[in-house]
Amino acid sequence: MNQHLRHIHPLAWTIIVGTMFGRLVTSMSIPFLSIYLTQVLGATPTQTGITVAVSSLAGVMASFYGGYISDIVGRKIVMLISVFGWAAVFFGFSVAQHLWVFFLVNTLNGLCRSVFEPTSRALLSDITPAESKLLVFNLRYAAINLGVVFGPIIGLQLGSAESTFPFMIAGIVYVAYGIVLFIQFKLHRSSLPNRTQAEAPRLLEALATTGRDRVFLPVLLGTIFCVLGYGHFGSTMAQYLAMNTHFTNGGQLFSYMLSLNAVTVLVVQYPIVRTASKFSPIVPLILGNICIALSLLLVGLAGGVALLMFSVVLFTIGEVLLFTMMDMLIDRIAKPEMKGTYFGTIGFNNLGSVIAPIFGGVLLDHYGAQNGLAIFLPLALTTAIGLPFLIVAHKRLTAREKLSLGVESNVIKG
């Protein structure tokens, strides 16, 4: 373990630490956006759902291009432009006063995130030795959740459900992150892999390659429904608790649920990853889908705080199973010269994040926040639609790797 830590590139540490602080400040603000829009601006749940969803829609449309462009022009340029653009977006949130302005800046938020995230993950893959990749990807995931442990509680104290001030803090932190990245790129220029335009496939060729991948395609389709289920935590659930009179101070309860989610990740991540790494990386995705679907059903059945908190723990186990192994899976099935493209293309699974707040908002408008089961049963069932796709992907990956081993064995014998 210590040996692997020593081999982690300084730029990888910058991304890991920057991710922690980035998620700390975004979890102070973004998760409370849907509550702010309904409680302060007076938007309906459907209007709020659309405003929240537009970030993911923009992300879906741009994530492929972000990863693809980084394969051509290099990770450095793409990451620096997107991180400073992201800082500007948070400053935009802090001064917004009208629903259409929130719609606009949240669109830009999705664009910046969908360009920066796949590029940073592809860079981590580029600069990390194969034996350390699982550790690095999981350190990044742990950093995300370490930030989310404290972010919602700080956000609650700063009044994020009633104020846009926390977005100003987020903007300042992302400016600092960008400056540190710029310095690190300058210091470690010689150790970064060189990428030329000749190495990367053309756009249509890249799309066709990922689309023809018999393992990648069902993984992408299956994880759309996984992300659909996951997306309800920060949108539908937040509004449901804020609007449901059965729960007193739903905004405060939601902030505690966010923190419980992050603490649970930190507690269960290592044992789950250690166990899951012994299986094909698609098996954890299948189990994760089941856990998230069941947890959503429990939220609909919950009449008190205890069952709600248990559902958060179950949800979090599902989240860890899904997202800790996702990067390793993509790294395993992507061609080396197309890693940015694959990491970008998997961003299309954020279609689930587009659908989640709108679907949840429509159900809330139609049934009202007092009818939990009528809202959360459909959400659980739509999440479970991903299972058949993931099972097909698992069978195909197993067959592909057996064939590959057979070919290697024949080459050695020959």
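## Basis of the model

The model is predicted; local features need pLDDT of at least 70, side-chain atom pairs count only at pLDDT 80 or more, and totals for chains, interfaces and linings use all residues. Residues are numbered from 1 along each chain as its sequence is written, and side-chain values use heavy atoms, with hydrogens and water left out.

## Overall build

The chain holds 19 helices and zero strands. Helices (H or I, at least four residues) and strands (E, at least two) are DSSP runs, numbered from the N terminus. The radius of gyration is 21 Å, close to the 22 Å that the globule rule gives for 414 residues, so the chain is as compact as a globular protein of that length. That radius is taken over C-alpha atoms, and the globule rule is 2.2 Å times the number of residues to the power 0.38. The C-alpha trace spans about 70 × 45 × 45 Å along its principal axes.

Of the 414 residues, 56% count as buried. Buried means under 20% relative accessible area, exposed over 50%, and partly exposed in between (1.4 Å probe, protein chains only). Take contacts between residues at least 6 apart in sequence: 86% join residues at least 24 apart. Contact means heavy atoms within 4.5 Å.

## Surface and charge

The accessible surface comes to about 17100 Å², and 69% of it belongs to carbon and sulfur atoms. Accessible areas come from the Shrake-Rupley method with a 1.4 Å probe; for residues, only the protein chains shown count as cover.

The chain carries 24 positive and 15 negative side chains. Lys and Arg count as positive and Asp and Glu as negative, while His and the chain ends are not counted. The centres of the two sets lie 5 Å apart. Each charge is placed at NZ of Lys, CZ of Arg, CG of Asp or CD of Glu.

## Aromatic pairs

The structure holds 18 aromatic pairs. One of them joins F93 and F102: this pair is tilted, at 6.3 Å centre to centre and 40 degrees between the planes. Rings of Phe, Tyr and Trp (its six-membered ring) pair if their centres lie within 6.5 Å; planes under 30 degrees apart count as stacked, over 60 as edge-to-face and the rest as tilted.

F93 is buried, at 0% relative accessible area. F102 is buried too, with 0%. Ring pairs link both into a cluster with Y36, W86, F90, F116, F167, Y174 and Y177.

V54 sits in helix α4 (residues 45–73). Its relative accessibility is 9%, so V54 counts as buried. Beyond its neighbours within four places in sequence, V54 is in contact with F103, N106 and T107. V54 and N109 are 55 residues apart along the chain, and their C-alpha atoms are separated by 9.2 Å.

S82 belongs to helix α5 (residues 75–95). At 5% relative accessibility, S82 is buried. With neighbours up to four places away set aside, S82 contacts C112, V115 and F116. S82 and T44 are 38 residues apart in sequence, and 32 Å separates their C-alpha atoms.

R121 is in helix α6 (residues 99–127). This arginine counts as buried, at 13% relative accessibility. Not counting residues up to four places away in sequence, R121 touches F137, R140, D327, F343 and I346.

P129 lies in the loop between α6 and α7 (133–157). P129 is partly exposed, with a relative accessible area of 28%.
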